[in-house]
Amino acid sequence: MPRIFIILAAATAVVFGAMFYQYHAQQKELGQLQAYQAVLLEKTEQIFQQAKDPSQPIKVDTADPRLQGDYQVMADFVLRQMMQSAEARNQYIRELKALDWDRFLDIERLAADKKQNYQATQQMLENVHAVTDAYDMKTAELEQNSLEQAKSLPIKSRYRQQLAQSLRGSQHSDEAHALFELEKQSLSKAEAIFAVLKNNRWEKRGKLFMFYEDEPLQQFNALYQEILALNKQMKRVAVQNRQEIAEKL
């Protein structure tokens, strides 16, 4: 199953930054706001680029000489939240890769495992479920913690309120969770297609699954097409997210 990077909070940086304009009439503070937005977008791009390689830790300096006071505190907080979320996602990707999840439907693997009563595939599905559930819980924990931390940041109260409001909005947006929801659907389809393979007679013919009866063949083909459709949706969401990031940079 493809594992596509989810862009966690880049749009959020722009949203809550823009909301601060109403509070700043003085030119000096307006300049700090503009610097804050510029720094946030630049470092978000750095996080995004580094997160493309799940094998490497993400290292971005959250301090910037252009910022001071509340704006540096907010930038440090937001960027650290982004890095934590991206690292959690990459750990999830690494764990799936270690389980050979991308080879779930590999016919060579399945044909060999059929001789062992599908023990490896059954264990793979159980492990992938555990990894997926752990990532789901980790994400919820990070989101809850970020809200609690935002409420106690040593910044002006109006900034804390806007920051918390922005975080809540980003956490419940369809875009923020779209890829993971599609991946969970794909896992469900994988389990269904495994049930068809496990409960019906089939054999390997080259790179094709050949069933002895028509009904399981139709079930297999329908589920396989649904998995392909989910994969396309994941790619569209990923591309859309990348385009939205690019437009803001």
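**Helix packing and burial in a predicted model**

Biologist: Why is Ala86 called buried?

Modeller: Ala86 belongs to helix α3, residues 69-98. Its relative accessibility is 3%, so Ala86 counts as buried (under 20% relative accessible area is buried, over 50% exposed, and in between partly exposed, with a 1.4 Å probe and protein chains only). Pro54 lies 32 residues away from Ala86 in sequence, yet their C-alpha atoms are 9.1 Å apart. Across the protein, buried residues make up 44% of the 249 residues.

Biologist: Is Asp100 buried, partly exposed or exposed, and which of these is Asn117?

Modeller: Asp100, in the loop between α3 and α4, has a relative accessible area of 34% and is therefore partly exposed. Asn117, in the loop between α4 and α5, reaches 59% and is therefore exposed. Asp100 is not a glycine, but its phi is positive, near 60°; Asn117, likewise not a glycine, has a positive phi of about 60°.

Biologist: Why are α3 and α5 called roughly antiparallel?

Modeller: The axes of α3 and helix α5 (residues 119-151) come within 10 Å and cross at roughly 175°. Such axes are lines fitted to C-alpha atoms, for helices over the stretch in contact, and the angle, from 0 to 180 degrees, is taken between N-to-C directions. Under 35 degrees is roughly parallel, over 145 roughly antiparallel, 65 to 115 roughly perpendicular and the rest oblique; α3 and α5 are therefore roughly antiparallel. In contact (heavy atoms within 4.5 Å) are residues including Phe77, Ser85 and Tyr92 of α3 and Val128, Tyr135 and Leu142 of α5.

Biologist: At what angle do α4 and α5 pack, and which residues make the contact?

Modeller: The angle is about 115°, with the axes 7 Å apart. Arg109, Leu110 and Asp113 of α4 meet Gln119, Ala120, Thr121 and Met124 of α5. Within α4, residues 107-114, the buried residues are Ile107, Arg109, Leu110, Ala111 and Asp113.

Biologist: What makes a group of residues a nonpolar core, and how many residues has the largest?

Modeller: A nonpolar core is a set of buried Ala, Val, Leu, Ile, Met, Phe, Trp, Tyr and Cys residues joined through side-chain atoms within 4.5 Å. The largest has 29 residues, and those with the most contacts inside it are Trp101, Phe104, Leu197, Trp202 and Phe209. Elements giving two or more residues to this core are α3, α4, α5, α7 (174-198), β2 (208-211) and α8 (214-248). Helix α7 gives the largest share, seven residues. Another core, of 27 residues, lies apart from it, with Ile58, Val60, Phe77 and Leu167 among its members.

Conventions: Residues are numbered from 1 along each chain as its sequence is written. This is a predicted model: local features need pLDDT of at least 70, side-chain atom pairs count only at pLDDT 80 or more; totals for chains, interfaces and linings use all residues. Side-chain values use heavy atoms; hydrogens and water are left out. Helices (H or I, at least four residues) and strands (E, at least two) are DSSP runs, numbered from the N terminus.
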